[in-house]
Amino acid sequence: MADRQLQQKQWGGEHKGAGPSTSTILAVVTLLPLSGTLLFLAGVTLTGTMIGLAVTTPLFVICSPVLVPAAFVIGLAVTGFLASGAFGITALSSLSWMFNYLKMRGILPQRFDQAKRRVQETTGQLGQKAREMGQTVQGKAQEVTGKT
C-alpha cells in the first residue's frame, strides 16, 4: 500500500498503469537530446582546453616575455569556442521549441496546405497564360504568312 502511494506521489496522481504520464515522457524525450548535446559540448570544450594547454605550456616556458599576450589569445580562443557552442545550443533549442509549438497548435499542417494550394493556383494561372500566349503567337504567325 505504501508503495502505491509513493508511486502516485512520484507520477503526479493515480493512473491506470504504473508508468509515468505523457507529459513526463515528453519532457524526458525533449530534454534528453538537449542534455546530450550540452554534455558533448562540455566534453569538446574540456578536450580543446586540455590540448591548448598541452601545446602552449612549452611555449610559455620558452617564451616567458610573451606570456601575457599568449594567455590573452588563448583566453579569447576558448571564449570564442564557448560562445559558438552557446549560440548553437540556443539556436537549436529555439528551433525545436518553435517547431513543437507550431505542431501542437496545428498551425504547421494548415500552413503547408495553404502553400500547396497557392502553388497549384499559380501553376494553373501560368499554364493558362502560356496557352493564351501560344494562341496569340500562332494567330500573328498566320496573319504574317497570310499577308505575304
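**View 1. The lining of the largest pocket, to which helix H2 gives the most, with nine residues.** In this predicted model, where residues are numbered from 1 along each chain as its sequence is written, local features need pLDDT of at least 70 and side-chain atom pairs count only at pLDDT 80 or more, while totals for chains, interfaces and linings use all residues. Side-chain values use heavy atoms, with hydrogens and water left out. The largest pocket holds about 310 Å³ of space and is lined by 17 residues, of which Val-44, Thr-45, Val-78, Phe-81 and Leu-82 lie nearest its centre. A pocket is an open set of points on a 1 Å grid over the protein atoms alone, where a 1.4 Å probe fits, with protein on both sides within 12 Å along at least five of seven lines, and its lining residues have an atom within 4 Å of a point; grid points are joined across faces, edges and corners, and the volume is the space filled by probe spheres set on the points. H2 and helix H3 (67–105) each supply at least two residues of this lining, the helices being DSSP runs (H or I, at least four residues) numbered from the N terminus. By class, the lining has 12 nonpolar, five polar and no charged residues (Ala, Val, Leu, Ile, Met, Phe, Trp, Tyr, Cys and Pro count as nonpolar, Asp, Glu, Lys and Arg as charged, and the others, Gly among them, as polar).

**View 2. The second largest pocket, with a volume of about 260 Å³.** Of the 13 residues that line this pocket, Thr-30, Leu-92, Ser-93, Ser-96 and Trp-97 are the closest to its centre. H2 and H3 are the elements that give two or more residues to the lining, and H3 gives the most, with eight residues. The lining divides into eight nonpolar, five polar and no charged residues.

**View 3. The kink of about 35 degrees at Thr-56 in H2, shortly before the proline Pro-58.** The bend at a residue is the angle between axes fitted to the seven residues ending there and the seven starting there. Thr-56 is buried, with a relative accessible area of 13% (buried means under 20%, exposed over 50%, and partly exposed in between, with a 1.4 Å probe and protein chains only), and its side chain reaches the backbone oxygen of Gly-52 at 2.7 Å.

View 4. Ala-71 is partly exposed, with a relative accessible area of 43%.

Notes. A polar contact is a pair of N or O atoms within 3.5 Å; within protein, one must be able to donate a hydrogen and the other to accept it, and residues adjacent in sequence count only if both atoms are side-chain atoms.
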